[in-house]
Amino acid sequence: NYPLFLIAGLFPWHWLANSIGAAPNIFLANATLLKKVRFPRNVLVASTVLNDGIHFLFSIPVILGFLLVFQSAPTWSWLVGIPLLALAQFMMAYGLALAIASVNLFFRDLDRLTAIAVTFLFFLTPIAYSSAMIPAPYQAMIYLNPIAPLMVSWQQLFLSGSLSWPLLFLSYGYAVACLGLGSLVYLKLSSRFAEVV
């Protein structure tokens, strides 16, 4: 059921891709706020990622509809799996978006590089193709891509109602690393935002 397989990976991917794609312009689009109002600037990034996350959650009934068309049904594991995976994805998207938004104030061409990187990551991540299609000797290498375990976990949850705990732990490992990186970059650069915006 390729259409079902495709949307099971595409919908969570769009959340991540939209948040990262919007990241370079988050602070630039709110330049007047950054100059005149003192507030935690990372709230702007968090609200963008949360907004994309809410759009994703509203797309889950569409996935459910496709499941019913293909004579399948959700399982009780969705009640545990969706919050766990959504939290990991929020942490990853927020961390990456925070780092990109912060650095882009100092290097204004980062938006073009970000768009290229997102496209490149899409083809490196098993979304339009199954990870089973990758030759066995190279299958482990796909999980060097930090987004891959998360997307594969979403696909497994939606398609078979299963949750792979090793993939979940790996997803959280990457998510914590992205969150740490984004927070570190933000803390290093945020004091100079008003000067360069």
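Trainee: How many of the 197 residues of the chain count as buried, as a percentage?

Mentor: Buried means under 20% relative accessible area, exposed over 50%, and partly exposed in between, with a 1.4 Å probe and protein chains only. Here 45% of the 197 residues count as buried. This is a predicted model: local features need pLDDT of at least 70, side-chain atom pairs count only at pLDDT 80 or more, and totals for chains, interfaces and linings use all residues. Residues are numbered from 1 along each chain as its sequence is written, and side-chain values use heavy atoms, with hydrogens and water left out.

Trainee: How many helices and strands are there?

Mentor: Helices (H or I, at least four residues) and strands (E, at least two) are DSSP runs, numbered from the N terminus. This chain has nine helices and zero strands. Its pattern along the sequence is α-α-α-α-α-α-α-α-α.

Trainee: What radius of gyration does the chain have, and what would a compact globule have?

Mentor: The radius is taken over C-alpha atoms, and the globule rule is 2.2 Å times the number of residues to the power 0.38. For 197 residues, a compact globule would come out near 16 Å; the chain has 18 Å, which agrees. The C-alpha trace spans about 55 × 35 × 25 Å along its principal axes.

Trainee: Which share of contacts joins residues at least 24 apart?

Mentor: Contact means heavy atoms within 4.5 Å. Take the contacts between residues at least 6 apart in sequence: 79% of them join residues at least 24 apart.

Trainee: Now a single residue. Is Gln89 buried or exposed?

Mentor: Gln89 is buried because its relative accessible area is 0%. Gln89 sits in helix H5, residues 77-104. Set aside neighbours within four places in sequence, and Gln89 contacts Pro12, Trp15, Leu16, Leu150, Met151 and Trp154.

Trainee: Where is Gln139 placed?

Mentor: Gln139 is in the loop between helix H6 (110-124) and helix H7 (148-160). With a relative accessible area of 31%, Gln139 is partly exposed. Not counting residues up to four places away in sequence, Gln139 touches Ser131, Ala132 and Ile134.
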